[in-house]
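We will go from stop to stop, and at each one you will get something to select and something to look for.

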Amino acid sequence: MEKLSVNVSRRNFLRGAAASAVGIAAMGVLGGCSANPTGKTNDNETGEVPLNISETISADVVVVGAGSSGVCATVQAAQLGAKVVLLEKNAFLGGNGAGTEGMFAIGSRMQQELGVGTEINFRDVIATEAEFFNYRVNALFWKDLVEASADNLNWLIDCGVPFSGVVDDYHGLGKIKAFHWFKEGKGKNYIDAMIAKAEELGVKIMTKTPANDLILDGGKVVGIYATKEDGSILQIDCKAVILASGGYANNEEMMKDRGYDLTYSINQGLPGHDGDGLRMASAAGGEDVSRQRGFLREPYSHGIDFFGTMTQALHRGGPFLWVNEEAQRYANEACGVFTPGNNSNAVHTQRKSFLIFDRGVLEGLAKKVENLVEDVEDAVAKCPSQNIYKADTVEELAQKAGLDPAVLKETVSRYNELCQKGLDEDFNKPADKMVGMTKAPYYIFRQDLAFWTSIGGISTNRKMEVINKMGEPIPGLYAVGTDGCELYRETYTMNVPASCNANNCHSGRIAAKNAAAAL
């Protein structure tokens with residue numbers, strides 16, 4: 001079996017996916033239009049029948065996706081005696097789980113041994129999260145997560161997941177010290193350990209085998225179709241399906257439908273997160289709540305290394321001026337200092353966003369960031385999308401960026417006036433971030449968006465059962481991880497660092513326990 005490789009070639013993956021899609025299309029098994037050779041009622045059938053079912057197997061539970069949540073669901077179900085099949089569309093295992101760094105927990109053995117964060121309780125968590133989301137999240141999901149977090153963390157250790165032994169507040173971004181770092185800070189160590197445990201338990205793991213459609217009988221899930229590497233269709237008869245496909249951030253059509261122009265965006269996550277779970281759950285009658293949920297994303301400028309020191313220095317917010325396509329200032333540019341996701345929220349309120357600074361601001365930042373001046377000048381000279389410019393006057397800068405020179409000059413003048421006062425009367429940016437722009441040359445960076453993953457989309461109850469708009473469960477169908485996360489709305493906070501990955505583990509285990517109990 002091919003193990004996880006974070007250096008998998010996207011070009012090779014796309015070439016393989018395209019070939020697979022041709023084979024599927026030829027058999028009429030696309031989208032929610034699966035056929036039904038079994039004679040059972042398929043609530044989504046269109047009368048088309050897949051002509052190339054090469055194999056039929058059976059299982060108790062099928063898990064779709066071998067990422068952070070999928071591996072936990074797989075191991076837990078197998079430990080409870082279920083016969084489990086794990087489907088993974090990629091040639092490698094782990095998905096975006098490889099990019100995680102740690103796990104949230106309160107009261108773990110590790111915390112007790114270190115004496116770190118032992119005073120933290122649920123009140124500390126919900127006090128920040130409920131307020132942050134204006135009480136629009138169901139706090140019981142948070143309560144379930146927090147109360148199970150120590151057991152979940154200890155369970156991972158018992159399953160062989162190696163942790164570094166460090167528990168902290170994740171670079172100071174969290175409000176509590178409950179971030180448990182994986183060994184070397186690598187999610188790959190987490191994934192590899194869980195896959196080894198699954199193999200030890202006899203789980204059938206199938207890579208290069210994307211799930212296509214659910215098989216329904218009277219509204220109940222009784223199986224699933226998948227495409228084998230040779231293009232033929234595999235039918236798996238089962239009693240439960242757990243969707244852990246990792247969201248839809250790689251699906252350009254879905255992203256565009258939700259208002260994201262990906263022309264200059266990048267996806268930092270690994271390939272394969274194409275919305276398979278959302279598509280299948282919706283076709284089965286589950287409620288699509290993706291437009292009420294968010295992403296892990298941040299601003300950057302196309303053509304520049306997101307992880308380079310320049311991007312981190314400029315796009316995390318601070319002593320800069322942000323303007324939209326009308327050359328008007330529109331936000332507190334330091335809004336993402338403590339919650340990085342706020343930066344992308346603000347940027348996305350505008351059709352276009354531009355970050356502006358002068359030589360004085362650049363030199364000030366360069367005192368703390370090595371080679372920043374050189375990096376900025378290099379970006380101006382080499383940026384492939386021509387979205388970064390430098391000019392000796394504000395008017396010239398506006399012309400190069402396609403903005404109204406008179407309006408931008410007025411905007412900069414107003415901003416400098418507020419900086420001189422030391423009071424942001426317009427957008428309430430902290431005084432220490434109000435630095436005037438009076439020293440030529442001037443620089444402008446278009447702000448694009450870098451995505452890692454969508455977070456949430458399929459509505460679930462606390463058992464992780466997929467539910468319809470009336471709150472009624474689809475029997476035998478579960479959604480976990482970022483497919484069905486109910487902890488957040490439009491923003492992933494860092495108040496409780498690694499809560500998303502903790503939910504991956506928690507939701508996977510809860511779904512597995514409920515699926516196994518129904519066998």
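Start with the two domains: 13 residues of domain 1 are in contact with 19 residues of domain 2, where contact means heavy atoms within 4.5 Å. To colour them, select 53–293 together with 456–518 for domain 1, and 296–450 for domain 2; these bounds come from an automatic or database domain assignment. The centres of the two domains, taken over C-alpha atoms, are 36 Å apart.

A word before going on: this is a predicted model, in which local features need pLDDT of at least 70 and side-chain atom pairs count only at pLDDT 80 or more, while totals for chains, interfaces and linings use all residues. Residues are numbered from 1 along each chain as its sequence is written, and side-chain values use heavy atoms, with hydrogens and water left out.

**Stop 1**

Helices (H or I, at least four residues) and strands (E, at least two) are DSSP runs, numbered from the N terminus. Look for an open sheet of six strands in the order 7-3-2-11-20-19, with mixed pairing; two strands pair if DSSP finds at least two bridges between them. At its edges are strand 7 (204–206) and strand 19 (465–467), each of which pairs on one side only. Neighbouring strands here are turned by 30 degrees against each other on average, direction ignored.

Now select strand 11, residues 240–243. Which way do its side chains point? A240 and I242 point one way, V241 and L243 the other, and all of them are buried, meaning under 20% relative accessible area, where over 50% is exposed and anything in between is partly exposed (1.4 Å probe, protein chains only).

Strand 11 runs parallel to strand 2 (residues 61–64), joined by four bridges, and V63 has I242 as its bridge partner. Strand 11 also runs parallel to strand 20, with three bridges, and there I242 is partnered by Y478. Strand 19 and strand 20 (residues 473–479) pair in the antiparallel sense over two bridges.

**Stop 2: helix 2 and helix 15**

Select helix 2 (residues 68–79) and helix 15, the latter covering residues 499–517. Their axes come within 7 Å and cross at roughly 35 degrees; axes are lines fitted to C-alpha atoms, for helices over the stretch in contact, and angles run from 0 to 180 degrees between N-to-C directions. The crossing is right-handed, meaning that the near helix is turned clockwise from the far one by less than a right angle.

Show side chains for S68, S69, C72, A73, Q76 and A77 in helix 2, which meet a set in helix 15 that includes N504, C505 and G508.

Next, click on N504. Is N504 buried or exposed? At 8% relative accessibility, N504 counts as buried. Leaving aside neighbours within four places in sequence, N504 is in contact with S68, S69, G481 and T482.

**Stop 3**

Move to the open sheet with the order 12-18-13 and mixed pairing. Strand 12 (266–267) and strand 13 (294–300) stand at the edges with a single partner strand each, so one side of each has no neighbour in the sheet. Strand 13 pairs with strand 18 (residues 448–455) in the antiparallel sense over seven bridges; Y300 and D448 are bridge partners there.

Helix 10 (residues 341–348) lies across both of these strands, at about 80 degrees to strand 13. Six of its eight residues are buried, so helix 10 is largely enclosed by the rest of the structure. To see them, select G341, N343, S344, N345, A346 and V347. Among the elements that these buried residues pack against are helix 9 (309–315), strand 14 (321–324) and strand 15 (353–358).

Finish on strand 14, where L321 and V323 point one way, W322 and N324 point the other way, and all are buried. Strand 14 pairs with strand 15 in the antiparallel sense over four bridges, and S353 is the bridge partner of N324.
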